Amino acid sequence: MTKRLFESPEFPAVPVVGEDSAYPVHRIFCVGRNYADHAKEMGVEVDREAPFYFLKHAQALVQSGATVPYPPGTQNLHHEMEFVVVIGAPLFKAGKDAVMDAVFGYATGLDMTRRDLQLKAREKGRPWDFGKDFEQSAVLSPITRAEGFGKIDGQRIWMELDGSIRQDAKLSDLIWSVPEILSDLSHYYHLHPGDVIYTGTPAGVGPVEPGGRLRGGVDGLAEVELTLGPAE
Ligand code: MN
């Protein structure tokens, strides 16, 4: 066999709540502008034609509870609290009535964003990668199996910065529902176990400084936590 020149990292894995097992994450999809109040605070209209997405590489994943350095290249790191859907079975070109059986479970996540870089890219019609897909930018809680969560309804989604509430909404405020998102994405990608989808953030995004402590949750799921260390 041809010799591999250096060790490549394994895919990261997050624990499943109440089990001695972990779910390996292969791909991270993120939905843009999926709450009307957040689109408004970003100064943009919601596109009612179709949802849109960006991706983060799996190695950007951070376990909840970590302390990470304040990332390089930004003066304006933002928190985005999100409800995360975790795929448990293949999905391809599936109708929205057929997708929920493929959901393994749910988690809470933080889509950390270098807002200054994202907005500069947006202004110039350039890709968002530098604003979104940077090292340690996707924080993920342990996963709760779908049957342990039940129906997606009006569950509260919230986030605190240093103990004061910054984001507070309901999953019923999602513009594109989880079945709509999964069906739509499955027409562009072969979804399979290992794929996780951050479903977008409600209003109240804002900056976090070195030393800032983030804590967020969704009713019925494990909480997500992140502490920002000093810049490297
Ligand atoms: Mn987001």
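**Helices, metal and a glycine**

Modeller: The buried residues of α2 pack against α1 (36-41), β7 (77-79), β10 (113-114) and α3 (129-132). Keep in mind that this is a predicted model.

Biologist: Which residues of α2 are buried?

Modeller: Helix α2 spans residues 115-124, and R115, L117, Q118 and A121 are buried there.

Biologist: How do you know that they are on the same side of α2?

Modeller: They cover an arc of only 165° around the axis, so they sit on the same side of α2. There is a general rule behind this. An α-helix has 3.6 residues a turn, so residues three or four places apart point the same way.

Biologist: What does the face turned away from the buried side carry?

Modeller: That face of α2 carries the exposed residues E123 and K124. After α2 comes G125, with a positive phi near 70°.

Biologist: What makes you call helix α5 mostly covered?

Modeller: Count its residues. Six of the eight in α5 (residues 178-185) are buried. They are V178, I181, L182, S183, D184 and L185.

Biologist: What covers the buried residues of α5?

Modeller: The cover includes the strands β3 (27-31), β4 (53-57), β8 (81-87), β9 (103-111) and β15 (195-198).

Biologist: Now the metal. What makes E80, E82 and D111 donors of the manganese ion?

Modeller: Distance. A donor atom must be an N, O or S within 2.8 Å of this metal. The OE of E80, the OE of E82 and the OD of D111 lie 2.0 to 2.1 Å from the manganese ion. They therefore count as donors.

Biologist: How are the donor residues spaced in sequence?

Modeller: The pattern is E-x1-E-x28-D. E80 and D111 link distant parts of the chain, 31 residues apart. E80 is in the loop between β7 and β8, while D111 is in strand β9.

Biologist: Why is E80 called buried?

Modeller: Buried means under 20% relative accessible area. E80 has 5%, so E80 is buried. D111 has 0%, so D111 counts as buried too.

Biologist: Where is G88 found, and why is G88 called partly exposed?

Modeller: G88 is in the loop between β8 and β9. G88 has 36% relative accessibility, so G88 counts as partly exposed.

Biologist: Which residues is G88 in contact with, leaving aside neighbours within four places in sequence?

Modeller: They are A102, V103, F104 and P193. G88 and L191 are 103 residues apart in sequence, yet 9.2 Å apart in space, C-alpha to C-alpha.

Notes: Residues numbered from 1 in each chain as written. Predicted model: local features only at pLDDT ≥ 70, side-chain atom pairs only at ≥ 80, totals over all residues. Heavy atoms only, no water. Buried < 20%, exposed > 50% of the residue type's maximum accessible area, 1.4 Å probe, protein only. Helix = DSSP H or I, 4+ residues; strand = E, 2+ residues; numbered from the N terminus. Arc of directions from axis to C-beta. Contact = heavy atoms within 4.5 Å. Donors = N, O, S within 2.8 Å, 3.2 Å for Na, K, Ca; no water.
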